[in-house]
Amino acid sequence: MSSATVETRTGRQNPIGSFWRGFRTFRRTRPFWGGLLAMIAGVPILYFPYAHLALGSVTIAMSTTAGAGSLLIGVLLIALGIAGWFQQAVRVFAGIATILLTLVSIPMSNLAGFGLALLPGLIGGGLLVSWAPLPEPQAAPAAKGGRRRRADAGKDAGDAVAQSVAAESATEVTAELPAQGAPQAAGPVAEAAVPKQAGAMDQEEAR
């Protein structure tokens with residue numbers, strides 16, 4: 001069996017390729033990296049006040065009186081990152097709030113999660129504020145192309161009408177030319193006949 005006779009399989013698609021194309025579309029249509037960094041910044045702020053680190057036989061608990069504030073800041077950062085993903089209209093507010101909460105977490109939550117949430121929070125907030133949707137360049141050229149096509153069609157129609165009118169006028173002129181040429185042809189013949197008749201009358205009088 002040759003390759004020309006093999007039926008193409010249109011129903012099956014590569015799931016990894018389709019997933020990657022969907023993810024790429026999702027990433028390009030929203031402030032993806034800003035929201036991701038905002039959520040990453042909320043994780044260490046949430047984790048360290050409630051974590052218990054074991055150093056050999058010694059257990060270190062970093063729970064402080066600011067645990068409620070750390071919980072609130074961490075949850076708000078994660079919520080702002082998700083809001084930036086799915087509600088692009090509030091991206092500026094989400095970015096400014098992310099920057100402010102990151103700065104507030106320095107004195108409120110173990111120096112912003114021991115500094116691990118400081119850079120992701122500031123950079124993520126800046127990306128959320130500065131993100132803008134991509135323009136659509138195909139709409140304007142399509143409209144211009146449609147207008148040009150309509151203008152060209154109008155010009156072609158006008159040229160066709162002008163050509164038809166010119167052809168009709170040319171046929172009318174050619175039809176009138178023989179009728180106008182008959183009297184002009186008869187004029188010289190009549191003028192030639194008149195001298196002949198006058199000469200005949202003069203000869204008769206002379207006789």
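Q: Before we start, what does accessible area mean here?
A: Accessible areas come from the Shrake-Rupley method, run with a 1.4 Å probe. Keep in mind that this is a predicted model.

Q: Okay, the fold. How many helices and strands are there?
A: There are seven helices and two strands. Going along the sequence, they follow the order α-α-β-β-α-α-α-α-α.

Q: What share of the contacts comes from residues 24 or more positions apart?
A: Such residues make up 70% of the contacts in the chain that have a separation of 6 or more.

Q: Switching to the surface: which residues form the nonpolar patch?
A: That patch is formed by Val92, Ile96, Leu100, Leu103, Leu122 and Val129, and together they have about 460 Å² of accessible area.

Q: Where is isoleucine 96, and why does it count as partly exposed?
A: Isoleucine 96 sits in helix α4.

Q: Now for the rings. How many aromatic pairs turn up in the whole structure?
A: The search finds ten aromatic pairs. One of them joins phenylalanine 26 and phenylalanine 32 edge-to-face, at 6.4 Å centre to centre with 80° between the planes.

Q: Is phenylalanine 32 buried or exposed?
A: Phenylalanine 32 is buried, with a relative accessible area of 8%.

Q: What about tyrosine 47 and phenylalanine 48, how are their rings arranged?
A: Tyrosine 47 and phenylalanine 48 also form an edge-to-face pair, with 5.4 Å centre to centre and 70° between the planes. Tyrosine 47 is partly exposed at 47% relative accessible area, whereas phenylalanine 48 counts as buried at 16%.

Q: Last one: which residues do ring pairs link into a cluster?
A: The cluster consists of Trp20, Phe23, Phe26, Phe32, Trp33, Trp85 and Phe86.

Conventions
Residues numbered from 1 in each chain as written. Predicted model: local features only at pLDDT ≥ 70, side-chain atom pairs only at ≥ 80, totals over all residues. Heavy atoms only, no water. Patch = residues over 30% accessible without salt bridge, like charges linked within 9 Å, V, L, I, M, F, W, Y side chains within 5 Å. Salt bridge = Lys/Arg side-chain N within 4 Å of Asp/Glu carboxyl O. Helix = DSSP H or I, 4+ residues; strand = E, 2+ residues; numbered from the N terminus. Contact = heavy atoms within 4.5 Å. Phe/Tyr/Trp six-rings, centres within 6.5 Å; stacked < 30°, edge-to-face > 60°. Buried < 20%, exposed > 50% of the residue type's maximum accessible area, 1.4 Å probe, protein only.
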